Every structure is written in structure tokens, then in C-alpha cells.
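Visitor: Hello! Could you walk me through this protein in plain words?
Guide: Gladly. Let's look together.

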Amino acid sequence: MIRHKQGTPLHITWDDICSNTGWHDPNKKHSLFVVESVGMLLKQDKRTVTIVQSHAMHDHDVADALTIPWVNIKKIKKLK
């Protein structure tokens, strides 16, 4: 696990989860999508990394949080 300071801008490449609803052919192959997300690090622990899109400087509220399990993460790059 790579440790970064809270607020560090990150570019994360990760495998998204695939789900199906309703009636469908169970033999049809469903593939995962590789996703790229960019955001400021909010927190990380042994299981997940959470990034946010916006951070209010006056009260520290955040918006548009995305939590990704480490097991899904392919690569993390620190942005400058």
C-alpha cells in the first residue's frame, strides 16, 4: 500500500465492477472495464482508497467522493 498525504492529487487506474439486472443470458461473457479517475486523496486504509473531486476550504466539506477497493486498483500516480 502506497501512503500519500491527504489532499494529494492522484490519478488512479482501476478495474470497475460489472453487474447485470433483469433477464439476461448467463452464458454471455461480461467484461470488466478499466477506469481512470482523478481526485484529491481523502483517506486510505488497508482495504480502500477514497478520492474527492471538490474540497471546501472554509469548512472542509467534500463533494463527489469515490471509494475504490485496493484489490481493484491497477496503478496510482501522484499528480503534480
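Visitor: Among contacts between residues at least 6 apart in sequence, what percentage join residues at least 24 apart?
Guide: First, a word on the model: it is predicted, so local features need pLDDT of at least 70 and side-chain atom pairs count only at pLDDT 80 or more, while totals for chains, interfaces and linings use all residues. Residues are numbered from 1 along each chain as its sequence is written, and side-chain values use heavy atoms, with hydrogens and water left out. A contact here means heavy atoms within 4.5 Å. Among contacts between residues at least 6 apart, the share that joins residues at least 24 apart is 49%.

Visitor: How many helices and how many strands are there in the protein?
Guide: Helices (H or I, at least four residues) and strands (E, at least two) are DSSP runs, numbered from the N terminus. Read along the sequence, the pattern is β-β-β-β-β-β-β. The count is 0 helices and 7 strands.

Visitor: Which are the edge strands of the open sheet?
Guide: The open sheet is formed by 5 strands with antiparallel pairing, in the order β6-β3-β2-β1-β7. Two strands pair if DSSP finds at least two bridges between them. An edge strand pairs on one side only, and here the edge strands are β6 and β7.

Visitor: Over how many bridges do β1 and β2 pair?
Guide: Strand β2 covers residues 34–44, and its pairing with β1 is antiparallel. As one example of residues facing each other, Trp14 stands opposite Val35 in β2. The number of bridges between β1 and β2 is 7.

Visitor: Is Thr8 buried or exposed?
Guide: Thr8 is in the segment before β1. Leaving aside neighbours within four places in sequence, Thr8 is in contact with Gly39, Met40, Leu41 and Lys78. Because its relative accessible area is 9%, Thr8 counts as buried.

Visitor: Which backbone oxygen does the side chain of Thr8 reach?
Guide: This is a polar contact, a pair of N or O atoms within 3.5 Å; within protein, one must be able to donate a hydrogen and the other to accept it, and residues adjacent in sequence count only if both atoms are side-chain atoms. At 2.6 Å, the side chain of Thr8 reaches the backbone oxygen of Lys5.

Visitor: What is the relative accessible area of His60?
Guide: His60 is found in the loop between β4 (54–55) and β5 (62–63). Phi of His60 is near 70°, a positive value in a residue other than glycine. His60 is exposed, with a relative accessible area of 58%.

Visitor: What is the radius of gyration of the protein?
Guide: The radius of gyration is taken over C-alpha atoms, and the globule rule is 2.2 Å times the number of residues to the power 0.38. A compact globule of 80 residues would have a value near 12 Å, whereas this protein has 15 Å.

Key: Buried < 20%, exposed > 50% of the residue type's maximum accessible area, 1.4 Å probe, protein only.
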